[in-house]
Amino acid sequence: MKKLLSFGMFVLLSASCYASDTTLQVVAGNLKRLYNLYPIEKIYIHQDRTIYRAGETMWLKVYQDFLSESEGKSQVVHLQLIDGYNRLVLEKQWPLRDGKAVGDVLLPDTLPTGNYQLRGYTNYMRNFGEEHFFTRELKIEGLGALSQIKIDFSVRQNNVSVQLNVPLKLRQEKKLRYCVRVNGNESRSYSFAADEAGDARFDILLPDEVKREDEIEFVLFVGEQKHSYPVPFKQTTELALLPEGGYCVEGLVSKVAVKLTGSNGKGLAAKGCILDLTDDEERPFHTSDLGFGSVYFQPEPGHEYVAVVDSLQLRVPMLEPLKQGIVQQIRYWNGRMRIMLSQNLGADVPVFLLIHHQGMIYYHAKLHLTEEKTVMDIAYDLLPAGPFTVTLYDGQDRVCSERLAFVKYPECMPVALSGDKACYGHREKVTLEVRVDSLLHRAMDGDFSLSVVRKELDPISERSNYYVDYYLGSELKGYIENPNSYFEERDSLSLSRLDLLLLTHGWRRYSLKNILQGGLLEMPYPVERSLGFSGCILDGMRLKPEEMEINALFKQDTIAQTFTFHPARGGVFRFSGFDFTGTSEMLLSVTDKQKNALDFTLMESKSPRSAYYSPLLTLQDSLAQLSVRMSRYGNVGKVKDIDKVVHELPEVTIMKRKKHTKSFSLHNEDFASHSYVVRENEHFSPNSMASLLSRVPGLKVYPSPDGLGTRIRVNGAVTTGGFSRGGGSSSNNSNENKAPTPVFKGASAGALDPVIVLDGVIDYIGYALQMDPNRVKKVEVLVGTAAMVYTRNSFAGVVVIHTKSWKDRIDSTPVKSKNYRFVGYDQVKEFYSPDYSLEKDRSGWVDERNTLYWNPSVTLNGEGKAELSFYTSDMKGEYEVICEGRSGGKIGIGRGVIVVK
C-alpha cells in the first residue's frame with residue numbers, strides 16, 4: 001500500500017517535532033555550527049583563453065568567494081600548471097585583495113604539445129581535499145620538432161602498447177631508441193623505426209613484480225637527448241554503478257545510475273546490462289556520449305549480479321545489497337519534487353528527513369514510515385536554487401539514504417556586449433560597450449574581467465564559466481565534461497541529464513557524521529592571511545616556550561630585518577605577516593636559556609599533486625589538428641644595419657626590481673684593515689665559527705676565562721670584555737659596563753666588544769657566531785674611523801661577515817641553523833595593447849596577436865555601463881568576447897563576437 005502525504009501536512013508535523021524532538025534541534029545546531037567554524041571558500045579563474053602556444057603569456061583573474069560573514073578568508077591564492085602526465089610544470093602565488101587577484105603566466109617555450117590542467121586553490125581549501133580546487137583543462141602547442149612527438153599508451157595487465165608519431169625531421173636526422181624506467185631503474189635500451197607517416201607501434205612487457213603504485217616511465221632517446229613519459233599503469237576504462245540514495249536493498253526496486261569513462265575521465269557511449277548470474281537474466285542499459293545512463297534494478301536474496309559491457313570486455317561485480325533498509329527515489333513534475341520512500345524494516349519506522357545546502361536547512365522533520373511505500377511532494381518554491389542534499393537518517397545517527405537534487409536554476413546576471421560596428425578592418429579601433437540592462441543589478445561595485453581572443457582558441461562549449469563553475473563545478477567532485485550544456489536549454493531533458501550527473505558525482509563539503517556528532521574537524525592547513533612558513537623545535541615538548549628563543553634574519557636585496565621571539569607550546573613556531581615579491585632569504589637559529597643551539601625542522605608546504613588528471617588516451621585525437629600561430633607583435637623581418645638604427649620603444653612601466661649582486665656593505669673594501677676570503681677547498685666543522693675567525697688577520701680568538709665561550713679581540717682597537725658563544729659574560733669590570741654601547745644577545749656584557757655585522761646588518765641576536773662557517777665567503781676587519789660607518793660605538797672595531805650566495809638546502813634533517821629560501825608573490829605584468837592612432841605604432845610592424853584585448857578590472861558606472869576600446873590586428877577572422885564577474889552578490893556572464901575582415 002502506498003501512503004501519499006502532502007507538503008502542508010509535513011509543515012505541521014515539522015513544527016511540532018522541532019518543539020518536542022531534541023534530535024532535530026541538535027542536528028540543526030550542529031549544522032549551523034559546523035559551517036560557521038569551517039566556512040566554504042571557492043576559487044574561480046577567468047583566463048583570456050584555453051589554447052596557447054609555448055612561449056605565450058596566459059592572462060588571468062582570480063575570483064574568491066567566501067561564504068561567511070566572518071573576516072577569516074584567505075589572502076593568498078596558489079596556481080599550478082600540471083601536464084598530461086600528472087607532473088607539476090610551474091606554480092605561482094598572488095595576494096588576494098578584496099576577494100580577487102590579477103596575474104599572468106609566461107608559458108615556458110620548452111613545453112611539449114599536450115593537454116594541461118590549470119589548478120587554483122588556497123591553503124585553507126587543502127583541508128577538504130584536492131577535489132575542492134578549481135581546475136580547467138588547457139591545450140598547449142609546443143615549439144620545435146621535439147615538442148611535436150606524439151605518444152600514447154594502452155595498458156592491459158603488464159603489457160604496455162606504445163603508439164608514437166615522430167616528425168620527419170627527427171626521423172631523418174636522429175637515431176630512435178627507448179627504454180623503461182621503473183622506480184628510477186632503467187632497463188637496457190632498444191632501437192625502433194617509424195614508417196613513412198612517422199608512426200611506430202610496439203608492445204613492452206613489464207616485469208611480473210611491477211605494482212600499480214610503482215613509478216613507471218617510458219624513456220625516449222632522440223639522438224643524445226632523453227625524454228621521459230610516465231606510463232598510466234591502470235585500467236583504460238571504468239564502469240561505475242551508483243544506486244540512487246547510496247544503497248540497493250533486497251526485494252526493493254532501485255534506480256541505478258551508470259557512468260562509463262575512459263582513463264581521461266571523459267564519457268563513453270556503449271550498451272550493457274546487469275546480469276543475474278543465478279537465473280541468467282539481464283537488465284539492459286545504455287550510456288550517452290557523456291557516459292551517463294540508468295537502469296531500474298531489484299536485487300533478490302541469494303542472487304549474484306555483475307554489470308557487463310561486452311564491446312569493452314568489462315565485467316564489474318555489483319555491490320552486495322542490504323538485507324533491510326530504505327530506498328529513496330526522487331522525481332520532478334509540475335513544479336514539485338516528489339520523494340518516494342520504500343522500506344522493508346517493518347511497521348512504524350521512525351526516520352528524519354533533512355534537506356539542506358551550505359549550512360542552511362530548508363526542510364527538517366521526523367517521519368513515521370508505517371507503510372511499505374511513502375510518497376510526499378514538496379513545492380519548488382520552498383527549495384533552494386542550485387544543487388542541494390536530501391538526507392534520510394535514523395535515531396542512531398546512521399544514514400539510511402542520501403542524494404543530491406536540483407530543481408531550480410540560480411539567477412544569472414545578464415551582461416550585454418556591443419561594438420560600435422558589425423565588422424572591422426585590420427588595425428581598426430574597436431569601441432566596446434559593456435552593459436547590465438537590469439536595474440536590479442546596476443551597481444557601482446560591479447567588478448568584471450573581459451577578454452577578446454581568436455574564436456578557435458577558446459572553445460566555449462568545452463569549459464565552464466564563472467556561473468556554471470560556482471553552482472555546479474565547485475559543488476561536485478571529479479571532472480565534468482561539457483559543463484555549460486547542463487545550463488543552456490533549461491528544459492526537462494536538461495534537468496534529467498543534470499539529475500544523472502548529480503547521481504554519479506560525489507558532493508564535496510559535507511559529512512553527516514560530523515553534523516550528527518558535532519565533532520571538530522582536523523584542519524592541518526591554516527588560513528593564509530599573508531606569506532609565511534612554520535617550523536618545530538625537536539626539544540619543544542621537553543622545554544617550556546619561555547625557555548626557547550628563535551632568532552631570525554630576513555634578507556632581500558638591500559632590505560634586512562631581525563626577529564627574536566619564543567615559540568608556542570610544543571616548540572611550534574610560525575613566521576607570518578610578510579608581503580613581498582620575488583625571493584628572499586631567512587637565516588634561522590634556535591637556542592635555549594643557556595644559549596645552547598637546539599635542533600629544529602621547517603614544515604615545508606609541499607604542493608599538492610593532482611590525483612585524477614591523466615588525459616592520455618585522447619591526447620592524439622584532441623590535438624591532432626591543433627595549430628596555434630605564435631602570437632607576435634613587432635618587427636619580425638630582417639632589418640639592415642639594425643645596430644645603426646635608433647628604435648623608439650613604447651612607454652613601459654618597469655615592474656621588476658634590479659637584481660642585487662653587490663655585498664651588503666656600507667663601506668668600501670679599501671677601508672678594511674684586514675680581510676680573509678675563504679677558499680673553495682676550505683671546510684670547517686658546522687659548529688666551529690671560532691676556527692674560521694682564528695684564521696682572519698687582525699683578529700685574536702681565545703677561550704674565555706670561565707671556559708664557556710670564546711673571546712674575540714680586534715688588533716689595533718681598544719678591547720675589553722669578550723664574546724661568549726654561550727651568552728655569559730667573562731668580564732668583571734663593572735665600570736666598563738657603563739659605556740654607551742649596545743649589549744648583544746649571545747655576546748658578553750663587555751663595553752667595548754667588537755661589533756659583529758652579518759651581510760650589512762648588525763647582529764644583535766648573536767646569529768653570526770652560531771652559523772655554519774662553511775656558508776661564509778669573506779670576513780673583513782674595520783678599526784678606527786672606518787668602523788664608525790656602522791655605529792658610533794665601534795671603538796673595539798667591527799667584524800664584517802659576508803655569506804656565500806644561498807641555495808635552497810631545506811630538508812628534514814635537524815640542524816642547528818638553516819637558510820630558508822622564502823618565496824614571495826609573483827610579479828604581475830600589464831597587458832600591452834598597441835595604439836594605432838600613433839604614428840610610431842602604425843608602420844613596419846607585424847601584428848599577429850592571438851589575444852587582442854585583456855582587461856581584468858572592468859568597473860561599471862552608476863548606470864551599469866563601461867566603455868572600452870582597443871585595436872584589431874593584422875589577422876582576419878572571428879574573435880570571441882567574454883566578460884565574467886560579479887556585482888551586488890550576483891554572478892554575471894556576457895558573450896559576444898567581433899569580425900575582422
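**Notes on the predicted model: charges, strands and contacts**

1. Let's start with charge. Asp 279, Asp 280, Glu 281, Glu 282, Glu 300 and Asp 310 together make up a negative surface patch. Of these residues, Glu 281 has its place in strand β21, which covers residues 281-287. Do keep in mind as you look around that this is a predicted model.

2. Next, have a look at the β5/β6 hairpin. Strand β5 takes in residues 76-83 and strand β6 residues 88-95, and the two run antiparallel with 7 bridges between them. If you want a pair to orient yourself by, take His 78, which sits opposite Gln 93 of β6. The hairpin leaves 4 residues between its strands, and in that turn Asn 86 has a positive phi of about 65°.

3. β6 comes up again through one of its side chains. Lys 92 makes a salt bridge with Asp 826, with 3.6 Å between the closest N and O atoms. This one ties distant parts of the chain together: Lys 92 belongs to strand β6, Asp 826 lies in the loop between β51 and β52 (846-848), and the two are 734 residues apart. Over the whole structure, the search turns up 36 salt bridges.

4. Strand β25 (residues 326-333) pairs with strand β26 (residues 336-343) in the antiparallel sense, over 8 bridges. Here 2 residues lie between the strands, and Asn 334 takes a positive phi near 50°. Tyr 332 has Met 337 in β26 as its bridge partner.

5. So what else does β26 pair with? Strand β29 (residues 373-379) is also a partner of β26, again antiparallel, with 7 bridges.

6. Finally, the aromatics. The search over the whole structure gives 33 aromatic pairs. One to pick out is Phe 533 with Tyr 820, a tilted pair at 4.1 Å centre to centre, with 40° between the planes.

Conventions: Residues are numbered from 1 along each chain as its sequence is written. This is a predicted model: local features need pLDDT of at least 70, side-chain atom pairs count only at pLDDT 80 or more; totals for chains, interfaces and linings use all residues. Side-chain values use heavy atoms; hydrogens and water are left out. Two strands pair if DSSP finds at least two bridges between them. Patches are made of residues with over 30% relative accessible area and no salt bridge: like charges are joined within 9 Å, nonpolar side chains (Val, Leu, Ile, Met, Phe, Trp, Tyr) within 5 Å. Accessible areas come from the Shrake-Rupley method with a 1.4 Å probe; for residues, only the protein chains shown count as cover. A salt bridge is a side-chain nitrogen of Lys or Arg within 4 Å of a carboxyl oxygen of Asp or Glu. Lys and Arg count as positive and Asp and Glu as negative; His and the chain ends are not counted. The place of a charge is taken as NZ of Lys, CZ of Arg, CG of Asp or CD of Glu. Rings of Phe, Tyr and Trp (its six-membered ring) pair if their centres lie within 6.5 Å; planes under 30 degrees apart count as stacked, over 60 as edge-to-face and the rest as tilted.
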